[in-house]
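Hi everyone, thanks for making time.

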Amino acid sequence: MNIQLVIIILYICVLFGISIYVKRRTESSTGFLFAGRKLTTLLVATNIAGTAIGAASTIGVAENAYQYGIAAGWYNVAWAAGAVLMAMVAAEKYREMDCTTIPELFERYYDKKGRAISVLGMITIQLVITSLQYLAGGAILSSLLPGIFSFQGGMITSAIVFIGTTLIGGLWSSGLSNILSVTLIYIGVLISTVTTVSNQGGLSNLAASLPSNVDWFSPLGGLGLATIVGWFAVMMTQTITAQGPVQVACSAVDGKAAKKGFLWGALLIFPVGFLCAIMGMAARVAHPGMNATLALPQMIMGLDPIISGLTLAALWAADVATACHILLAAGTLFSQDIYKRFINPSVSDEKYTVINRSSILGLGIATLWFAFNAVGIVKTMLIGLSLTTAFTLVFLFTMFAPNFCRRNSAFYTTLAGMITLFAWQMFPSIQIFAHPIYMEWLVCLVTFFIVAIVDNEKITVIQKREAA
């Protein structure tokens, strides 16, 4: 326990040390929010990998594997597919357009109300994702140091570190921290998986010890094809327009670095899910009655103290990096698309940087409520990310088929997406699909084309100096 406590304290010190080290680069709003637009290919890759390899891709995958088998690892493959799609379709475009957010882009092509409704939806998404990092952080700390942290206490401690490092170091802190976090999470998870499987007598013995009600090692496991396809649909939808990936692309030194960084990031994201899934199944054998959310932390805690301490601390640090990045994205959306656009357009850069930090503090505290009310990491994450369908559809038509776009397309397509997700949650009788992402695409496509028929005013490009 002393070894693990020392390790987690050292991690906290390193994270805050990195944030303090880069603080001098974050005195301007561009430096704070976009790392001065100087992210290299390596930093883009580790940023997007750090964003992806967080709560859902580790703790959440193990949670699903505990119940449904190795097929849970497809979640990370879906994330990687989204990163590849972003690289091939949008990363260079975002950097070359020198934009900052999707709502800003919407106003350039559409109108103010399109920007306003999209920023409300996107902030909601960021808050849901951030809250899940608190949930995973609580699971990790309470497993790592049960004598010190309860589950709720671990969430609160995680929130303090998430918010604190983001306030100090901005995107620079997230970028540099991710190099360390991604490296250590690979080392820790790989060693932990190999050790755990060996301790249980190999994969064949593990398979024989699992309950017979699920085909644990089949490609679909107990999840089914519709669920896995839904994951791909969600992740390939959200990666193109969620503020986190967009902000990484916009922060690259140039378009080529953005594209290459997302491709390398996809390779980093891909394998971790299946390793965590194996750990989740091993937990099912070793602890058949435990809380599934604690499957991965508990299995790692059964290993050598140094290995378990490093691995869990690395998982926790990965959650820190993800949460910092998503909190920063939420703060950017509020400060850029609400405060600067509608409240104080002439704000000085110095005051604007203060507003950014203040909004991150406020939004970070608000996400604790989501964390204490979330049920199921991956399930909650995927429902929230389904809301990006409208943004992605509008973006793709704007970039590649603008003749179908009308002045009101962004507003009504986004509104339809919000209403659909709300109805899905409130009225179970309309859940005729395996996942809300299918209904989102159907409703948003129909709405988009109805607007194209009814509205005769085609889109025009508003210059950045007019829209920002």
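Let's start with Arg37, which is buried, at a relative accessible area of 14%. Buried here means under 20% relative accessible area, exposed means over 50%, and partly exposed is in between, with a 1.4 Å probe and protein chains only. Before going further, a word on the source: this is a predicted model, where local features need pLDDT of at least 70 and side-chain atom pairs count only at pLDDT 80 or more, while totals for chains, interfaces and linings use all residues. Residues are numbered from 1 along each chain as its sequence is written, and side-chain values use heavy atoms, with hydrogens and water left out.

Back to Arg37. You'll find Arg37 in the loop between helix 2 and helix 3. Helices are DSSP runs of H or I with at least four residues, and strands are runs of E with at least two, numbered from the N terminus. Arg37 is not a glycine, although it has a positive phi of about 55 degrees. Ala35 has a positive phi too, of about 50 degrees, and is not a glycine either. Ala35 sits in the loop between helix 2 (29-34) and helix 3 (41-52), and Ala35 is buried, with a relative accessible area of 0%.

Now follow the chain into helix 3. How do helix 3 and helix 16 pack? Their angle is about 105 degrees, and their axes are 7 Å apart. The axes are lines fitted to C-alpha atoms, for helices over the stretch in contact, and angles run from 0 to 180 degrees between N-to-C directions. Helix 3 and helix 16 are therefore roughly perpendicular to each other. For the cut-offs, under 35 degrees is roughly parallel, over 145 roughly antiparallel, 65 to 115 roughly perpendicular, and the rest oblique. On the helix 3 side we have Asn47, Gly50 and Thr51, meeting Ala318, Thr322, His325 and Ile326 of helix 16; contact means heavy atoms within 4.5 Å. By class, this contact of helix 3 with helix 16 has two nonpolar, five polar and no charged residues. Here Ala, Val, Leu, Ile, Met, Phe, Trp, Tyr, Cys and Pro count as nonpolar, Asp, Glu, Lys and Arg as charged, and the others, Gly among them, as polar.

Helix 16 (residues 305-343) also packs with helix 12 (residues 243-250), at an angle of about 85 degrees and with axes 9 Å apart. That makes helix 12 roughly perpendicular to helix 16. Helix 12 brings Gln243, Gly244, Gln247 and Val248, and helix 16 brings His325, Leu328, Ala329, Thr332 and Leu333. The classes in the contact of helix 12 with helix 16 are four nonpolar, five polar and no charged residues.

Last topic: the cysteines. How many disulfides does the structure hold? The count is zero, taking a disulfide as a pair of cysteine sulfur atoms within 2.5 Å. Cys276 is in no disulfide, and its nearest cysteine sulfur, that of Cys324, is 20 Å away. Cys276 is also buried, with a relative accessible area of 0%. What about Cys444? Its closest cysteine sulfur is in Cys405, 14 Å away, which is too far for a bond. Cys444 counts as buried as well, at 0% relative accessibility.

That's my tour, and I'm happy to take questions!
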